[in-house]
Amino acid sequence: MVYTSTRDSSVRVSASEAIAKGISADGGLFVPMTIPTINLVDIERLARLDYIGRAKEILRLYLTDFTEDELSMCVEGAYKAEKFSSPAIAPLYKLNDSASILELWRGPTCAFKDMALQLLPYLLTVSAGKTRKDTKIVILVATSGDTGKAALEGFRDVPNTEILVFYPVDGVSPMQKLQMTTQEGANVSVCAIEGNFDDTQSGVKAIFTNREIEEKFKEHHLAFSSANSINWGRLVPQIVYYVSAYCDMVKSEALKLGDPMNVVVPTGNFGNILAAYYAKQMGVPIGKLICASNANNVLTDFLTNGTYDKNRPFYCTTSPSMDILISSNLERLLFLLSGQDAEQTKKWMTELSETGKYTVGEKMQKELRQLFAAGYCDDENTKRTIRKIFDEYHYLCDTHTAVALNVYAAYKTKTGDETPTVIASTANPYKFSASVLKALEDNIRSKDEFSMVEELHELSGAPVPPQLAALKGKTPRFTKVAKKEDMASVVFEMLGI
């Protein structure tokens, strides 16, 4: 399997090189030049395996320079039973006759990012051993909430690595902030940035492609990599859980082998739904890919009219992990749908950087509309959906999952599509206790985060994850707040160089 860059078609790297580097020198993202395929016989066989077995089978198709032993070590280390609150790792919860919820938050940080970030440190360690010997890997992360904690936990005390996480100072929930700022580990650092997630993400990308910083790193035998979904090693594990979900739908007889399954994904950076697109291209019978946005509905507009325009108000919502106006992983989709036209993809990304917008041609617009449906849900409707789902099914969902459920309901009403559907649930509701509690009860008595956790538990009966309960009373280790333009100096300060 050979990988290229979305902005330079002459690039040729192995899977381990793509993972170790994180981002191409030209600023583009690494993508496999061909998408491997599986058929119904393969899916029937995969359905008989557990999650670890399925992960090995799918990942070996993409990570062809990993040996069987290396891949087994990575997958078995990542998905140990004691790390997840369900033996299924990514279980399905049947909500009703047409909808099942894919619970992707059963890992150690209670968010879907664990599905990839428990695996990435293993993949990166193996990759660095193949491509960057005698070099310490510096993991640089921009987060809108969940990626930061999942990356910190995944890379904590991993030998020969340092991890530096930046987050928007007012752009994460109190629980997400506490998870990051209290993180343990000798090789971890966290810093808040004045601004929103897009400011934080663009600052990290600028550091990655800064030649002066790269030279300084070489002097100190350091090299950057990323734990964001711009890194292929973050995206490829996410493909697995969509394949696995289809297997489980067949196994539970929610659908017959070969019948289509729709997928609904709440997303801001587009990586989670892009993984579903890859699964579809591999041969999994996925029907419609339904993209759910919050009030920052730049993806809804793009998938509807073909114009991506970030020149719009930025909203801080109750689903903060989706408060994003620059969806990095969309670049990979543009590259694929343009016939791997790196020159055209680079042109669109340049337009986005210089003018804040670009428009794709009518042919691609038509293809987008065939592949995707899109909708968005504001905070008020998010609140109503949390209450509605709890009242009807006694199922407690977080704000991001509520966005997906709301958009799915609107899609179903509009189209009448009764195709069995899987809805990606991206976080445990207790990560957003205040918003979820306010959705269920008009007059809450609690004043602080952990009182709200207790009140929500009393009201719903849903178990509180012990790793969140244990944060009560912990003192933050990291309190630094910096400006976007000072991020490079913060990196040097954190590393002591």
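Modeller: Two strands pair if DSSP finds at least two bridges between them. Strands (E, at least two residues) and helices (H or I, at least four) are DSSP runs, numbered from the N terminus. This is a predicted model, in which local features need pLDDT of at least 70 and side-chain atom pairs count only at pLDDT 80 or more, while totals for chains, interfaces and linings use all residues. Residues are numbered from 1 along each chain as its sequence is written, and side-chain values use heavy atoms, with hydrogens and water left out.

Biologist: What makes β7 and β8 a pair, and in which sense do they run?

Modeller: Strand β7 and strand β8 (residues 188–193) share 6 bridges in the parallel sense. The definition asks for at least two bridges, so the two strands count as paired. Within β8, Ile193 is the bridge partner of Pro168. Between β7 and β8 the chain passes through helix α8 (residues 174–181), and this β-α-β crossover is right-handed.

Biologist: Why is a crossover called right-handed?

Modeller: The strands are viewed pointing away from the viewer, and the term applies if the path from the first strand over the helix to the second runs clockwise. The crossover from strand β6 (residues 136–142) through helix α7 (residues 146–155) to β7 is also right-handed. β6 pairs with β7 over 6 bridges in the parallel sense, with Ile139 opposite Ile163 of β7.

Biologist: How do you know to what extent β7 is enclosed by the rest of the structure?

Modeller: Buried means under 20% relative accessible area, exposed means over 50%, and partly exposed lies in between (1.4 Å probe, protein chains only). In strand β7 (residues 161–168), 8 of the 8 residues are buried, so the strand is largely enclosed. One side carries Thr161, Ile163, Val165 and Tyr167, the other Glu162, Leu164, Phe166 and Pro168, and both faces are covered.

Biologist: How many residues of α8 are buried, and which are they?

Modeller: Helix α8 is mostly covered, with 6 of its 8 residues buried. These are Met175, Gln176, Leu178, Gln179, Met180 and Thr181. They pack against α7, β7, β8, α20 (449–460) and α21 (466–469).

Biologist: What makes the phi values of Ile89 and Cys110 worth noting?

Modeller: Most residues other than glycine have a negative phi. Ile89 has a positive phi of about 70 degrees, and that of Cys110 is near 65 degrees. Ile89 lies in the loop between α4 (68–78) and β4 (92–94), whereas Cys110 lies in the loop between β5 (99–103) and α5 (114–117). Ile89, with a relative accessible area of 4%, is buried; Cys110, at 2%, is buried too.

Biologist: How do you know how α17 and α18 are oriented?

Modeller: Axes are lines fitted to C-alpha atoms, for helices over the stretch in contact, and angles run from 0 to 180 degrees between N-to-C directions. Angles under 35 degrees count as roughly parallel, over 145 as roughly antiparallel, 65 to 115 as roughly perpendicular and the rest as oblique. The axes of α17 (residues 379–393) and α18 (residues 399–415) come within 8 Å and cross at roughly 90 degrees. That makes α17 roughly perpendicular to α18.

Biologist: Which residues form this contact, and how do they divide by class?

Modeller: Asn381, Thr382, Thr385, Ile386 and Ile389 of α17 meet Thr399, Ala402, Val403, Leu405 and Asn406 of α18. The contact has 5 nonpolar, 5 polar and no charged residues. Here Ala, Val, Leu, Ile, Met, Phe, Trp, Tyr, Cys and Pro count as nonpolar, Asp, Glu, Lys and Arg as charged, and the others, Gly among them, as polar.

Biologist: At what angle do α13 and α16 cross?

Modeller: The axes of α13 (residues 298–305) and α16 (residues 362–371) come within 7 Å and cross at roughly 115 degrees. These helices are therefore roughly perpendicular to each other.

Technical notes
Contact means heavy atoms within 4.5 Å.
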